[in-house]
Amino acid sequence: MKTKTLLTLVTVGAMAAPMYAALTHVPNQALALRTDGLNVGDPNDQFTGAIPSNDGTGALISSINVNSEALGLANGTPLNGDNFDWAFTFQFHDADGAFSFTENFDDRVQINITPIVSAINLASTGANGPTHQDTSWNTRTYADYSFGSGGWFHAEVILTEDGGGALSAGGIGFGYSNAASTGTEGDYGLIGDGAVFDADGGLDWGSAIIPEPSSSLIAALGGMLLFLRRRR
Ligand SMILES: [Ca+2]
Ligand SMILES: [Ca+2]
Ligand SMILES: [Ca+2]
């Protein structure tokens with residue numbers, strides 16, 4: 001009986017291993033993670049909250065919309081309270097490596113862009129773009145990137161709230177353009193709601209995550225537990 005139990009465990013183990021080995025690309029979703037309790041001050045902690053990772057920390061959301069507190073809430077990113085930040089990550093494809101982001105978030109914004117191998121391989125292929133940072137709560141800024149060649153990119157965006165409102169100070173709160181811009185607001189669209197990304201074999205933006213165990217694996221584990229209980 002011992003041998004049989006061991007064999008069952010080995011079989012399930014062998015089945016489980018490949019399921020965790022690779023990242024899966026979830027199209028049209030960003031990862032979002034809120035950190036509360038940042039130090040109170042003027043300014044408070046900036047860009048120090050946790051960053052969502054592909055192991056399941058952070059929620060998948062279909063749109064980054066901080067145009068108002070109501071829209072933030074409606075899109076899975078509540079903006080209530082003070083001294084917190086929202087950190088977002090996603091991957092996107094751009095055909096020529098020239099693109100732009102804009103922000104007018106109250107209070108502070110940081111953007112980091114890394115060129116990566118593919119939608120499911122986040123290894124860096126070169127130097128990061130320059131970190132874009134703006135700490136003026138009511139000044140629209142934009143960041144143009146020019147990587148010289150196209151490909152997949154990893155984006156990390158941190159929106160920090162100090163006090164007062166946590167929303168756009170006017171117009172689009174955070175947006176993307178797949179071409180260089182001079183900061184004209186109309187060039188940009190919301191991530192997941194208007195922004196246009198260049199397609200690469202049918203994929204254009206989303207999040208790489210470690211897939212959860214499949215329902216068949218869970219069923220197999222459940223069946224094994226039932227089997228072990230009955231053998232006692
Ligand atoms: Ca481009
Ligand atoms: Ca700003
Ligand atoms: Ca604020």
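Helices (H or I, at least four residues) and strands (E, at least two) are DSSP runs, numbered from the N terminus. By that definition, the chain of this predicted model has three helices and 14 strands. Of its 232 residues, 33% count as buried, where buried denotes 20 or more other C-beta atoms within 10 Å of a residue's own, exposed 12 or fewer, and partly exposed a count in between, with C-beta atoms placed from the backbone.

**Basis of the description**
- Residues are numbered from 1 along each chain as its sequence is written, while chains are lettered from A and ligands numbered from 1 in the order in which they are written.
- As the model is predicted, local features need pLDDT of at least 70 and side-chain atom pairs count only at pLDDT 80 or more, whereas totals for chains, interfaces and linings use all residues.

**Strand pairing**
- Strands S10, S5 and S13 form an open antiparallel sheet in the order S10-S5-S13, two strands being paired if DSSP finds at least two bridges between them.
- Strand S10 (141-146) and strand S13 (174-177) stand at the edges with a single partner strand each, so one side of each has no neighbour in the sheet.
- From one strand to the next, the twist averages 15°, with axes taken as lines fitted to C-alpha atoms (for helices over the stretch in contact) and angles running from 0 to 180 degrees between N-to-C directions.
- Six bridges link strand S5 (residues 98-103) to S10 in the antiparallel sense, and Phe-99 stands opposite Tyr-145 in S10.
- Strand S7 (residues 108-118) and strand S8 (residues 121-124) run antiparallel and are joined by two bridges; they form a hairpin with two residues between them.
- Ser-118 has Asn-121 in S8 as its bridge partner.

- Leaving aside neighbours within four places in sequence, Phe-88 is in contact (C-beta atoms, placed from the backbone, within 7 Å) with Ala-30, Leu-31, Ala-32, Ile-64 and Val-157.

**Loop residues with positive phi**
- Asn-28, in the loop between strand S1 (24-27) and S2, has a positive phi near 60° and is partly exposed, with 16 other C-beta atoms within 10 Å.
- Phe-47, in the loop between S2 and strand S3 (59-61), has a positive phi of about 60° although it is not a glycine.

Definitions and conventions. Two residues are in contact if their C-beta atoms, placed from the backbone, lie within 7 Å.
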